[in-house]
Structure formats: structure tokens, C-alpha cells
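Let us go through one protein model by question and answer. Keep the view open as we talk.

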Amino acid sequence: MRASRTPGGPLNRFTDKVVVVTGSGSGIGRATAIRLASEGGTVACVDLDEGAAQKTVAQITGDGGRAGAYACDVSDAEQVRATVASVASDLGAPDALCNIAGIQHFAHSTEETLDWWDKIIAVNLTGTWLMSQAVLPHILGNGGNIVNTASNAGLQGLAYSAAYCASKGGVVQLTRAMAIEYWAKGIRINAVAPGGVNTALTAKAAFPDDPDPAHFTKMTTPMGMAEPEQLASLFAFVASDEASYMTGAIVSMDGGLTT
């Protein structure tokens, strides 16, 4: 369906489309779910915190949209398969997937724990792959698309973030590999790469003891931090038919950090 606009009204790029959004209980995921619903989409709000997902759904439905809440640990293969099956049964076969669920942790590499390393890789990278694997059979029949969440940390090195950079670098290459694999079948797979975003996840992030101030030059920009709604606008574009000639792209919105 082509993007349309009513005179003086909003875009309706997702009318009659079902979109799965992970991490939709807060931050970029929540803003993206709300944005897609405002453009006519039926949104499956997936989050580890079901209560948070339900709050997003309540806002969407309160504004006249359609959505459902689903509790899911994206790093758990069985939960992912069951969740996607429930979405297809409840809302209809997905047309698009926005993989936004993610976690981060700062630590000196000599002090980072294996538990944190495994957890970050499991959620950010394996979770993206598991959700994509589960949704692909549905979108193969309708020419749908997947939008992953990379990061400026997947495109450049950042101190105290070895696990996070590794996970997001993996998402970058996962996106490119799957884009090539499925482009002949009409499936688009891209990624958005944010920089710093004003979210609860970012607010709770704590740097390790005795950080080197020189390292922060790669983490800051005069443009400051983005708001989740700014990233949501980019996710909506990349997931829409307006981006029909885009696949395998890693699209930065990071205030110039990776220039």
C-alpha cells in the first residue's frame, strides 16, 4: 500500500498493516509503536515487561488505534515463537517487524562479567535474530520488511562498551547478510543506528569508576541527545513503502557522531 496523506492530516502509511515492535514498553520502542499506530497500523507491542507494554497499548487504543500487548523475552527461542504465533492469530500475519528491544552496560573490559557479556549478546543480537527468524515466514508471503536497531556503537568503538559494541556490530552484519539473502524474495531488511537517546535506559546507565574523560569525545555531540519520537519517525519511514528501494542499509540518526 502506498503512503497517503489526507488534506491537512497525518500520513497513513501503515493502514491495514500489522507491525511487531519489540521493546515497546518504553523509550524508542514505545514511541515507535505509538507512531506506527497513529499512521493506521495495528501494532503488536512486545516487551519483557507486560505491564509496560499494556500501558503503550492503552495509549494507542485511547487515541483510537489498534494494538495488543505481549510479554516476551526476546532471547528465549520458545517464547519468541509462541509470541509471534499469538500475534498472527490475534491480529493477523505481520507485515513488518521493528526489533528495538535492547540493553546496555558500561564496564572496564578487565572487569566486565561473563554474565553481563552473555546477557547483552543474548538480548541485542540473538534476540534480533530470533524475532526475525520467527517473523520471516509470515512476511515472505506479503513482501514485508524488518527494521533492526543497530547503534553508533556498532559503527565505531566506544570505551567501556565492549559487549554492547560487539552486539550492535553483530546487528549491523546480521542486517546486511539477511538483506542479501532475502532481497530476491522482495523482503527488505534494514537497521536504524541511533546515538544517545533520552530514554530511561540511558538515564540509568552508569559509567565505571575512574573513567578517562578523553574517551567521552566519541560519546557526545553539540546536538545533544535525541528524543525517542525523533527516532520513531525514522523507524516509521524505513518500515514504510516509501523506503521501498532501501535494503541492507544502516541509517544513522546520531547527531553527527559517526561523521
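**Pocket, helix and strands**

By class, the second largest pocket has a lining of four nonpolar, six polar and four charged residues. Here Ala, Val, Leu, Ile, Met, Phe, Trp, Tyr, Cys and Pro count as nonpolar, Asp, Glu, Lys and Arg as charged, and the others, Gly among them, as polar. The model is predicted: local features need pLDDT of at least 70, side-chain atom pairs count only at pLDDT 80 or more, and totals for chains, interfaces and linings use all residues. Residues are numbered from 1 along each chain as its sequence is written, and side-chain values use heavy atoms, leaving out hydrogens and water.

Student: Is threonine 83 buried or exposed?

Tutor: Threonine 83 sits in helix H3 (residues 77–90); helices are DSSP runs of H or I, at least four residues, and strands are E runs of at least two, numbered from the N terminus. Its relative accessible area is 7%. Buried means under 20%, exposed over 50%, partly exposed in between (1.4 Å probe, protein chains only). Therefore threonine 83 is buried.

Student: Which residue in S4 is the bridge partner of valine 20?

Tutor: Strand S1 (residues 18–22) and S4 run parallel, joined by three bridges. Strands pair if DSSP finds at least two bridges between them. In S4, valine 20 has as its bridge partner leucine 97.

Student: Which residue in S5 is the bridge partner of cysteine 98?

Tutor: S4 pairs with strand S5 (residues 145–149) in the parallel sense, over four bridges. In S5, the partner of cysteine 98 is valine 147.
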